[in-house]
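Subject: Handing over the structure

Hello,

Here is the structure I promised to pass on. Please open it beside this message, and I will go through what turned up.

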Amino acid sequence: MIRSIFRNIALRNTSTFTKIAVHNSGNYQKSILPQNSTFLLTRAFTIHVSRMQSAGATISRKESDVIHQIPEDLFYLHHPKPVRHEVIESKAPLDSKALENIDIKPDLHREPVTWSDKFAFYIVKLLRVPTDLFFKKKYIHRAVMLETVAAVPGMVGATVRHLRSLRKLQHDGGWIDHLLHEAENERMHLMTWMRISEPKLWERGLITLVQGAFYNAFFLLYLITPRTAHRVVGYLEEEAIVSYNSFLNEIDSGTIENSKNVPDIAIDYWHLDKNTATLRDVVLAVRADEATHRDTNHHFADRILVGHEDLREDIKRVFEDHDKTKKMAGLTNDAPEKWKWSK
């Protein structure tokens with residue numbers, strides 16, 4: 001559609017220029033150009049316009065063919081999956097009680113030990129100050145801004161590790177898939193909150209600025225020290241849980257209405273009960289996801305610290321020990337087969 005608009009503008013502008021050239025042919029003849037230059041100039045533009053119009057007609061005829069001739073692989077659309085096994089494995093729709101029973105350890109905190117940990121911790125605490133001053137208790141608007149930033153680290157980490165895997169000609173150790181899943185999950189948070197809050201134009205502009213600044217800063221940090229980058233994400237998720245706890249308190253106190261106007265995207269993604277789903281259920285589901293990202297990113301930082309980044313052998317060992325098998329988000333029963341790749 002946009003291409004058609006620009007093509008039409010180009011045709012109109014070219015046609016207008018041709019008419020002007022013909023109208024002012026006397027002026028061209030009186031200039032330093034040879035007498036037949038005007039004819040050649042207008043003739044050249046006329047041919048150019050004719051060719052563009054012909055090309056436009058050809059494109060118009062092919063537009064329907066391009067749209068309908070979809071490659072077979074594109075029919076297999078990817079449906080975003082939740083990150084918590086409680087949601088993935090639930091056969092019945094989740095209600096408020098089921099969401100509250102998810103053990104997320106909301107008060108869990110990783111004490112900073114190394115200089116890298118302390119740098120990450122204080123950077124996150126510093127970033128929270130202007131956020132609190134700006135949004136105060138506008139938790140839905142805060143959530144939109146929070147998820148705009150939260151969806152960046154997973155994509156950056158996956159990109160850097162993907163390029164490193166290609167560059168070194170070796171397996172990434174099982175991180176890329178999880179990091180992409182994390183980024184997609186945070187994006188689903190954003191899509192949900194945007195349907196609930198409907199951000200204004202100035203808020204969209206602020207989102208663009210914040211996202212652009214954070215992406216470049218985090219990308220640079222990940223290139224320099226991925227351990228610190230993952231630790232930053234771990235502490236960001238801790239602060240996100242704090243914010244969502246306050247959000248829940250405001251709903252429980254009646255300050256924020258516990259609306260039943262829950263978007264379909266949230267009901268479908270978290271398998272919520274469409275008859276009873278409320279805003280509070282959405283907050284509980286999002287908070288549970290943030291707890292998962294908190295734990296995984298702190299774990300990633302620890303693995304880099306001890307120099308053991310490859311997840312495959314450890315996960316294989318867990319699956320082989322049936323007595324100690326634990327539920328792991330996003331992994332199915334055939335996961336052990338997927339990890340049998342050469343190093």
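Which residues do ring pairs link into a cluster? They are Y139, W193, Y244 and F247. A ring pair here means rings of Phe, Tyr and Trp (its six-membered ring) whose centres lie within 6.5 Å, with planes under 30 degrees apart counted as stacked, over 60 as edge-to-face and the rest as tilted.

Before going on, a word on the basis. This is a predicted model, where local features need pLDDT of at least 70 and side-chain atom pairs count only at pLDDT 80 or more, while totals for chains, interfaces and linings use all residues. Residues are numbered from 1 along each chain as its sequence is written, and side-chain values use heavy atoms, with hydrogens and water left out.

**Aromatic pairs**

The structure holds 12 aromatic pairs. One of them joins F121 and Y235 edge-to-face, at 5.3 Å centre to centre and 75° between the planes. F121 sits in helix 6 (residues 115-135) and Y235 in helix 10, so this pair ties together parts that are 114 residues apart in sequence. Helices here are DSSP runs (H or I, at least four residues), numbered from the N terminus. Both F121 and Y235 are buried, a word I use for under 20% relative accessible area, with exposed for over 50% and partly exposed in between (1.4 Å probe, protein chains only).

W193 and Y244, both members of the cluster above, form a stacked pair, 6.3 Å centre to centre with 15° between the planes. Since W193 lies in helix 8 (residues 176-197) and Y244 in helix 10, the pair ties together parts that are 51 residues apart in sequence. W193 is buried, with a relative accessible area of 0%, and Y244 counts as buried at 2%.

**Cavities**

How many cavities of 30 Å³ or more are there? The count comes to 3. On a 1 Å grid over the protein atoms alone, a cavity is a set of points where a 1.4 Å probe fits but cannot get out; a pocket is an open set with protein on both sides within 12 Å along at least five of seven lines; and lining residues have an atom within 4 Å of a point. Grid points are joined across faces, edges and corners, and a volume is the space filled by probe spheres set on the points.

The largest cavity holds about 50 Å³ of space. Its lining consists of F135, H141, V144, M145, P199, E203, L206 and I207, with helix 7 (139-168) and helix 9 (201-224) each supplying at least two residues. By class these are 6 nonpolar, 1 polar and 1 charged, where Ala, Val, Leu, Ile, Met, Phe, Trp, Tyr, Cys and Pro count as nonpolar, Asp, Glu, Lys and Arg as charged, and the others, Gly among them, as polar.

The second largest cavity has a volume of about 40 Å³. Y139, R142, A143, L146, S243, Y244 and F247 line it, among them the cluster members Y139, Y244 and F247. Helix 7 gives the most to this lining, with 4 residues.

**The second largest pocket**

About 550 Å³ of space lies in the second largest pocket. Of the 23 residues lining this pocket, L127, T131, M145, L146 and V149 lie nearest its centre. The largest share of the lining, 7 residues, comes from helix 6, and the classes are 17 nonpolar, 2 polar and 4 charged.

**R280**

R280 lies in helix 12 (residues 279-306). Is R280 buried or exposed? At 16% relative accessibility, R280 counts as buried. Its side chain makes a polar contact of 2.7 Å with that of D252; such a contact is a pair of N or O atoms within 3.5 Å, where within protein one must be able to donate a hydrogen and the other to accept it, and residues adjacent in sequence count only if both atoms are side-chain atoms. Leaving out residues up to four places away in sequence, R280 touches E100, L248, I251, D252 and N258, with contact meaning heavy atoms within 4.5 Å.

**Two backbone angles**

Most residues other than glycine have a negative phi. K105, in the loop between helix 5 (96-100) and helix 6, has a positive phi of about 50° and is partly exposed at 45%. K136, in the loop between helix 6 and helix 7, has a positive phi of about 55° and is exposed at 60%.

Best wishes
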